[in-house]
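Welcome, and please take a moment to look over the structure below.

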Amino acid sequence: MKKSLLALAVVAVAASANAATVYDKDGTSLTLDGRVQSVYYSVNHSGKTAGENDSAIKNSGRFGIGGKTQVTDWVAGIGYAQWDVADGSKDEGFTARDQYVGADFGEFGLVKAGRFVDSTYYAEEVTDHYEDAAGTVQGRFNGERRGGQLLYIYDNYGFHAQAGLQTAQDNARIIDGEKYSVDSGFNGALGYTFDDVLFGPLSFRAGYSYLKGQTGNDVSDVLDDDLVPTNGLVFDKSKHATFGISWGNLNSGFYAAALYEYQKMTYQDDDNYDKVKGFELAAGYAFDNGVSALVGYESVKLSDEDNSLKVKRIPVFVNYKINSNFNVWGEVGFNAGSDHKADFVNAGENYAKKYDKTVFSVGARYTF
């Protein structure tokens with residue numbers, strides 16, 4: 001099964017199946033994609049931009065542009081950039097999401113350099129099909145991309161492989177949006193997909209990422225007036241492993257997936273660390289009329305050098321894809337026995353306020 005990786009690099013990463021080709025001539029093409037959405041969030045929901053005890057409607061947008069030019073018969077140059085667009089309520093504008101250039105060698109793979117998710121997301125994406133009420137595990141790491149990466153991707157004959165390098169970056173977001181100074185790192189992923197096993201493809205995936213923090217005068221974390229990093233600690237190293245399995249096709253028929261994830265970040269100050277270990281399960285069905293439903297279960301243990309917190313959640317997601325451009329959805333995140341520890345603060349966020357509550361949201365999105 002041969003397939004070009006251009007779709008993976010320019011369209012799939014753009015998170016839009018509706019990318020429009022606005023120019024295509026003499027081996028050079030240009031695509032545009034984007035979306036705008038409006039979501040109503042219940043009280044206690046972390047997705048909104050309002051007080052803890054308030055419900056709110058939040059708008060957001062996204063815009064991307066990609067290009068390809070045929071350099072020779074066997075290689076094409078590619079480029080892609082995508083931005084998240086805030087609604088302006090906090091004077092936020094365009095925020096870079098993906099941004100890279102690269103070369104597509106067709107069936108021999110693709111190389112790209114810039115800002116994007118690392119190889120661990122290849123396994124994480126098997127359960128990344130909700131909107132806001134899930135992602136207790138995988139949502140902590142690849143919600144925001146890192147710059148300074150070089151990545152090779154091979155995807156052919158059912159086999160998938162990635163190999164990446166991380167170069168030095170200041171203010172790199174590693175976990176929960178916190179910024180750190182990264183010296184170097186590497187990442188990789190392996191997987192194999194059987195095309196048709198009973199009702200759909202069966203895929204096995206694994207990913208690993210290692211990051212090393214800056215030391216000495218190269219540390220440039222944001223400092224306060226006392227020259228102490230505002231995120232509290234200077235990052236030393238991070239190890240992140242993911243294992244995923246999926247069966248079926250979420251766009252048509254039955255789908256089931258499972259993800260196991262482990263991450264430990266240590267710091268240069270004594271024995272401080274942050275650790276996450278847990279799993280996510282998801283199962284759903286997509287009907288021919290455009291309606292799909294997905295239900296899951298998440299069990300995660302968050303810990304540091306002082307204490308720990310167990311999070312157990314049941315996300316339920318129902319989506320109606322009216323046509324290729326417009327869809328509406330409803331989502332509920334049920335607390336399924338999470339610990340309540342109001343004083344547990346991990347990586348700058350008080351998890352007790354987020355995960356021991358049942359929340360819901362209703363949204364609509366136009367994709368172009």
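This is a predicted model: local features need pLDDT of at least 70, side-chain atom pairs count only at pLDDT 80 or more; totals for chains, interfaces and linings use all residues.

Residues are numbered from 1 along each chain as its sequence is written, and side-chain values use heavy atoms, with hydrogens and water left out.

**The cores**

A nonpolar core is a set of buried Ala, Val, Leu, Ile, Met, Phe, Trp, Tyr and Cys residues joined through side-chain atoms within 4.5 Å. Buried stands for under 20% relative accessible area, exposed for over 50%, and partly exposed for what lies in between, using a 1.4 Å probe and protein chains only. The largest nonpolar core has 17 residues, and those touching the most other members are Ile174, Tyr180, Val182, Phe235, Met265 and Leu302. At least two residues of this core come from each of strand 9 (169–175), strand 10 (178–197), strand 13 (253–267), strand 15 (291–304) and strand 16 (308–321). Strand 9 gives the largest share, 3 residues. Strands here are DSSP runs (E, at least two residues), numbered from the N terminus. Another core, of 12 residues, lies apart from the largest one and includes Val39, Val126, Tyr255 and Phe317.

Contact means heavy atoms within 4.5 Å. Beyond its neighbours within four places in sequence, Ile174 is in contact with Arg140, Phe141, Tyr180, Val182, Leu211, Phe235, Ser238 and Met265.

**Strands side by side**

Two strands pair if DSSP finds at least two bridges between them. Strand 2 (residues 28–41) pairs with strand 3 (residues 56–70) in the antiparallel sense, over 14 bridges. Strand 3 also pairs with strand 4 (residues 76–86), again antiparallel, over 11 bridges. With 5 residues between them, strand 3 and strand 4 form a hairpin. Gly64 in strand 3 stands opposite Asp33, and its bridge partner in strand 4 is Gln82.

**A few residues up close**

Thr242 sits in strand 12 (residues 235–248). Which backbone oxygen does the side chain of Thr242 reach? The backbone oxygen of Thr120, at 3.2 Å.

Ser299 is found in strand 15. Leaving out neighbours within four places in sequence, Ser299 is in contact with Lys277, Gly278, Phe279, Val311 and Lys312.

Gly330 belongs to strand 17 (residues 326–335). Gly330 and Ala364 are 34 residues apart in sequence, and their C-alpha atoms are 9.1 Å apart in space.

Tyr157, in the loop between strand 7 (146–156) and strand 8 (159–166), has a phi near 55 degrees, a positive value in a residue other than glycine. Asn171, in strand 9, also has a positive phi near 55 degrees. Most residues other than glycine have a negative phi.

The table lists how accessible these residues are.

| Residue | Relative accessible area and class |
|---|---|
| Thr242 | 0%, buried |
| Ser299 | 18%, buried |
| Gly330 | 27%, partly exposed |
| Asn171 | 35%, partly exposed |
| Tyr157 | 43%, partly exposed |

Conventions:
Helices (H or I, at least four residues) and strands (E, at least two) are DSSP runs, numbered from the N terminus. A polar contact is a pair of N or O atoms within 3.5 Å; within protein, one must be able to donate a hydrogen and the other to accept it, and residues adjacent in sequence count only if both atoms are side-chain atoms.
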